[in-house]
Amino acid sequence: MKETIENTAAKVLYHSGLQNRIHRQLKPSQAKGARFQHIGNRPKGAYFQILIYHRVHPKPDPGFLGAPDPEQFKKQMHFLKKYYQVLPLKELIDRSKNNDLAPLSVALTFDDGYKDNLDYAFPILQELGMPATLFVATDGPELRRSLWYDRIYFALKHSKDKSLTLPVSESDENHMDASPGLDKQKTIVGGKQANRLDKNEKIILLENEETTRRAAVQFILSVRYLPEANRLQLTEELFHRCGVNDFSSLDQQMLDWDSLQFLDKKGIDIQPHTQSHPSLSTLSDSRIEEEIMQSRKLVEKHLQKEARHFAYPVGKPEDYDQRAVDCLHRNGFLAALTTDTGLNTDAADLFHLRRSSPWHDTIAEWALDQVKIQWGS
């Protein structure tokens with residue numbers, strides 16, 4: 001009922017033009033260092049927003065439910081272009097540090113390095129003259145290798161056996177919340193502190209796309225917080241049970257270095273996002289250093305530029321810890337982005353910057369959500 005009311009309100013606000021008036025009222029003086037009044041729960045002082053995208057594709061990706069198709073993405077970008085000050089991430093951060101933040105400032109970011117960012121998102125950004133930052137997991141372009149969690153869904157989707165027996169354990173509901181639309185049922189989900197999955201096993205039926213997606217998400221959550229060696233072993237075992245060992249068609253969905261060089265020259269700032277996209281909190285100190293610094297070295301080598309910004313893989317508080325933050329500080333990074341939703345103030349910790357995900361089906365809902373974020377509701 002609440003969702004229905006909100007959807008109706010979004011359509012009324014958007015199509016009546018009331019949303020536009022709200023945004024105009026939110027824009028105070030354009031003077032340097034302009035400050036916002038404290039309204040509701042919104043942070044005091046100058047603030048800015050960072051949006052995060054992964055995929056922009058005509059066909060829905062089961063791993064990113066709610067990700068926009070090109071038409072939706074274009075509408076979102078037109079909305080931002082009209083009502084927001086869209087800045088490169090580096091400039092946005094620099095202005096926040098120098099008390100020179102324009103009202104309603106926002107930066108666009110893309111994570112992981114999917115080819116559809118070039119095919120579908122980039123032409124729209126180029127047409128509108130909008131900058132963005134792309135954080136690339138460098139195993140994609142360097143090894144021409146798809147991401148481990150995408151491979152899990154691919155293996156289940158193409159499994160020769162549609163009735164699989166997999167290890168199970170009790171669910172950790174906090175981790176279940178990480179996936180939009182996933183029911184909290186107890187199936188093959190392990191806790192963060194576990195070193196292995198339970199020896200119990202459960203039959204998983206891959207009857208259709210939805211049951212396959214559900215099994216994939218639950219298996220991903222079950223192994224994500226295991227020690228790296230255990231995670232790799234269990235995923236390889238899954239691939240074996242599915243009878244899938246050829247991921248070449250999936251690998252082609254990742255950007256290569258030539259494409260990344262092209263994007264970087266066209267105003268899409270390429271920055272590191274580790275090599276293999278692990279939850280950094282599960283790694284040893286040396287592996288944290290390796291994942292961060294090797295991805296940075298590859299970006300700098302192939303793009304002939306300094307890489308000083310970073311995005312934590314997955315990006316929730318349980319996915320990185322102080323060891324990763326210390327590594328970034330120690331190696332001269334300037335800022336790091338999370339996936340915690342919300343605004344950033346000009347006094348924000350630059351190594352815990354928040355980002356918002358546009359998980360909405362319509363531009364009206366998406367636009368209303370932007371207003372709600374600005375007003376702190």
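Q: Which residue is the bridge partner of D112 in β4?
A: D112 is partnered with V136 in β4. Please keep in mind that this is a predicted model.

Q: How many bridges join β3 to β4, and do they run parallel or antiparallel?
A: Four bridges join β3 to β4, which covers residues 132-136, and the two strands run parallel.

Q: Is D112 buried or exposed?
A: D112 has a relative accessible area of 1%, so it is buried; the cut-off for that class is under 20%.

Q: And strand β3 as a whole, is it mostly covered or mostly open?
A: Strand β3, residues 105-112, is mostly covered, with eight of its eight residues buried.

Q: In what sense does β1 pair with β3, and over how many bridges?
A: Strand β1, residues 47-53, pairs with β3 in the parallel sense over six bridges. Within β3, F110 stands opposite Y53.

Q: What about β2 and β3, over how many bridges do they pair?
A: Strand β2, residues 85-86, pairs with β3 over two bridges, also in the parallel sense. The partner of V86 in β3 is V106.

Q: New topic. How many cavities of 30 Å³ or more does the count come to?
A: The count comes to three cavities of 30 Å³ or more. The second largest cavity holds about 50 Å³ of space.

Q: Which residues line the second largest cavity?
A: Its lining consists of F110, N117, L118, A121, F122, L125, L134, L263 and I268. F110 is the β3 residue that stands opposite Y53.

Q: Which element gives the most to that lining, and how do the residues divide into nonpolar, polar and charged?
A: Helix α5 gives the most to the lining of the second largest cavity, with five residues. By residue type, the lining has eight nonpolar, one polar and no charged residues.

Q: Let us move to charges. How many salt bridges does a search of the whole structure find?
A: The search finds 23 salt bridges. One of them joins the side chains of D264 and K305, at 2.8 Å from N to O.

Q: Why does the D264 and K305 pair tie together parts that are 41 residues apart in sequence?
A: D264 lies in helix α12, residues 257-265, whereas K305 lies in the loop between α13 (285-303) and β8 (309-311), so the pair ties together parts that are 41 residues apart in sequence. Both D264 and K305 are buried.

Q: With what does K305 form a salt bridge at 2.3 Å?
A: K305 forms that salt bridge with D269, and 2.3 Å is the separation of the closest N and O atoms. D269 lies in strand β7, residues 268-272, and K305 in the loop between α13 and β8, so this pair ties together parts that are 36 residues apart in sequence.

Q: Where do E291 and R287 lie?
A: E291 and R287 both lie in helix α13, four residues apart, which is about one turn of the helix. They form a salt bridge whose closest N and O atoms are 2.8 Å apart. E291 counts as buried at 2% relative accessibility, and R287 is buried at 18%.

Q: Which residues are linked with them in a network of salt bridges?
A: The network links E291 and R287 with E228 and E290.

Q: Last topic, H277: where is it found, and what is its phi near?
A: H277 is found in the loop between β7 and α13. Its phi is near 65 degrees, a positive value in a residue other than glycine. H277 counts as buried, at 5% relative accessibility.

Q: And Q252, where does it lie, and is it buried or exposed?
A: Q252 lies in the loop between α11 (248-251) and α12. Q252 counts as exposed, at 55% relative accessibility.

Notes. Residues are numbered from 1 along each chain as its sequence is written. This is a predicted model: local features need pLDDT of at least 70, side-chain atom pairs count only at pLDDT 80 or more; totals for chains, interfaces and linings use all residues. Side-chain values use heavy atoms; hydrogens and water are left out. Buried means under 20% relative accessible area, exposed over 50%, partly exposed in between (1.4 Å probe, protein chains only). Two strands pair if DSSP finds at least two bridges between them. On a 1 Å grid over the protein atoms alone, a cavity is a set of points where a 1.4 Å probe fits but cannot get out, and a pocket is an open set with protein on both sides within 12 Å along at least five of seven lines; lining residues have an atom within 4 Å of a point. Grid points are joined across faces, edges and corners, and a volume is the space filled by probe spheres set on the points. Ala, Val, Leu, Ile, Met, Phe, Trp, Tyr, Cys and Pro count as nonpolar, Asp, Glu, Lys and Arg as charged, and the others, Gly among them, as polar. A salt bridge is a side-chain nitrogen of Lys or Arg within 4 Å of a carboxyl oxygen of Asp or Glu.
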